Amino acid sequence: MAQNVDPREQLVALLPRLRRFAGALVRDAADADDLVQVTVERALARLHQWRRDARLDAWTLGIMKNAWIDELRRRRRHERVHAPEEAGENVCATDEKVEMRMRAMAIERGMARLPDEQRLAIALVLVDGLSYRDAAGVMGVPLGTLTSRLARGRATLEAFIAAPPSGEGGALP
Amino acid sequence: MSVTPEMLMAYADEELDSHGRAQVEQALAEDPALAETIERHRRLRRDVAATYDGLLARPVADALIARIRSALLAPQRVWRARLEAMALEWAPPWGVPLATGLALGVVLGLTLTGRAAPPGAMIVADSEGLRARGALAAGLTERLAADPATENLTIGLSFRDKTGAYCRAFVVRAGEGVSGFACRKTDAWRVRMALAEAPAAAVGDLRPAGTALPRAVLSGMEDAIEGDPLDAGEEAAARDRGWRR
């Protein structure tokens, strides 16, 4: 690992991954940008707590996870749980086949409906590509808990793609 | 032997150890239909990744990058706070008439032309760069940061630079004033930074807010410093060794 590189530069290099992870957690692009911003501020304020023998990526993703949970709690306190939007703002797939595009939109809609902890497991492993062990570390849960959340999240997502609730539009044209 | 659905998922994600892989592969041999489950997991993984990978290519706001790059790392924050606190203590004694600062006369003299520096010059340019002399050189050599400031010269914080040389911050209050820091090299104090600006002097009963070193000097010192600034004991020991490494 590049432990001698200025951690600020490591953080800059992580930004695209943070954006992607945020996009998997929250559907609205502006909300995702806000989440990245909050994460960066918290990371900078706590950079002295980061141990140089630890991985900065997992550490930062953990900060984003906490920031996201804080935001969810705040919204729920204010009873402003908003319904998933129809358009998939985060999908950048204009050139792709319609079928793939539809599937991507269904995945986005399905992700928005997953229970938080399942969405987090999917975002860490399937979107960011962390190993089970690293993802469990970020979530602060045992390996077995991570795998069961991941398995349940996948099953729910697949069921949603195959048969979206009425009014949501089909996965295939 | 049967395998759990979670093992099939972990197999698809290449998360199983060799023992687990062997178990799944044996089950696959007995029940080829399991391959469909594994393929379904892999397909979902590919599709979920593809759904969000487009975000990687989106440009990141320049302001955010600038924000990160300009952030002070914790050690810098700690010692800047220390330095600013110390700078406050450098304010000259109350009620010193401002005019006495002018008695120092010329601060900067040039000797490159071969002419002698004007008497009273505290920084001179020579063939190697800028050198402290006179009252400034004496202050850098003899005074400790804890010593009370005279009305026109303050010696502050000492630290080591990246070559291990001792460096010290100073403020000269004469004319426009000069703030900066100098590092000990062989037998001279080489002035590494000199800014024609001094923190405002105390006036009457009011200790002005601007008694900290100018920001540009703080930044210059932050770039030069290696490790932590010297504490009072280390500073006294360094002085007693004649500021030799």
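## Basis

A salt bridge is counted here when a side-chain nitrogen of Lys or Arg lies within 4 Å of a carboxyl oxygen of Asp or Glu. By that rule A:Asp128 and A:Arg20 are paired, with 3.6 Å from N to O. The model is predicted. Over all chains, the structure holds 23 salt bridges.

## The contact between chains A and B

The contact draws 48 residues from chain A and 33 residues from chain B. Together the two chains bury about 3700 Å², and carbon and sulfur atoms account for 60% of that area. On the chain B side, B:Leu44, B:Tyr52 and B:Ile68 supply 19% of the area buried against chain A, more than any other three residues.

Six salt bridges are counted between chain B and chain A, and ten residue pairs are in polar contact, both residues being at pLDDT 80 or more. Four helices of chain B, α1 (5–12), α3 (34–53), α4 (62–70) and α5 (74–89), each supply at least two residues of the side that touches chain A. The largest share of that side comes from α3(B), with eleven residues. By residue class, the side of chain B that touches chain A has 17 nonpolar, twelve charged and four polar residues.

## A salt-bridge network around A:Arg20

Which residues are linked to A:Arg20 in a network of salt bridges? The network takes in A:Arg17, A:Arg55, A:Asp57, A:Asp128, A:Asp134 and B:Asp53 along with A:Arg20. One of its links runs between the chains: B:Asp53 pairs with A:Arg20, the closest N and O atoms being 2.7 Å apart.

Within chain A, the side chain of A:Arg20 also meets that of A:Asp128 in a salt bridge. This pair links distant parts of the chain, 108 residues apart: A:Arg20 is in helix α1 (residues 7–25), and A:Asp128 is in the loop between α5 (116–127) and α6 (132–139). Both A:Asp128 and A:Arg20 are buried.

Another link in chain A joins A:Arg55 to A:Asp57, with the closest N and O atoms 2.9 Å apart. Are these two residues buried or partly exposed? A:Arg55 has a relative accessibility of 32%, so this residue counts as partly exposed. A:Asp57 is buried because its relative accessible area is 12%, under the 20% limit.

## A:Arg19 at the chain contact

A:Arg19 is also found in helix α1 of chain A. Its relative accessible area of 10% means that A:Arg19 is buried. The side chains of A:Arg19 and A:Asp33 are joined by a polar contact of 3.2 Å.

Leaving aside residues up to four places away in sequence, A:Arg19 touches A:Asp33 and A:Val36 in chain A, and B:Leu55, B:Arg58, B:Pro59 and B:Val60 in chain B.

In chain B, B:Glu235 forms a salt bridge with B:Arg168, where the closest N and O atoms are 3.0 Å apart. B:Glu235 lies in helix α8 (residues 232–240) and B:Arg168 in strand β5 (residues 166–172), so the pair ties together parts that are 67 residues apart in sequence.

How buried are the two partners, in relative accessible area? The value is 5% for B:Glu235, which is buried, and 0% for B:Arg168, which is buried as well.

Notes: Residues are numbered from 1 along each chain as its sequence is written. Chains are lettered from A and ligands numbered from 1 in the order in which they are written. This is a predicted model: local features need pLDDT of at least 70, side-chain atom pairs count only at pLDDT 80 or more; totals for chains, interfaces and linings use all residues. Side-chain values use heavy atoms; hydrogens and water are left out. Contact means heavy atoms within 4.5 Å. Buried area is the accessible area (1.4 Å probe) that two parts lose on being put together, summed over both. A polar contact is a pair of N or O atoms within 3.5 Å; within protein, one must be able to donate a hydrogen and the other to accept it, and residues adjacent in sequence count only if both atoms are side-chain atoms. Ala, Val, Leu, Ile, Met, Phe, Trp, Tyr, Cys and Pro count as nonpolar, Asp, Glu, Lys and Arg as charged, and the others, Gly among them, as polar. Buried means under 20% relative accessible area, exposed over 50%, partly exposed in between (1.4 Å probe, protein chains only).
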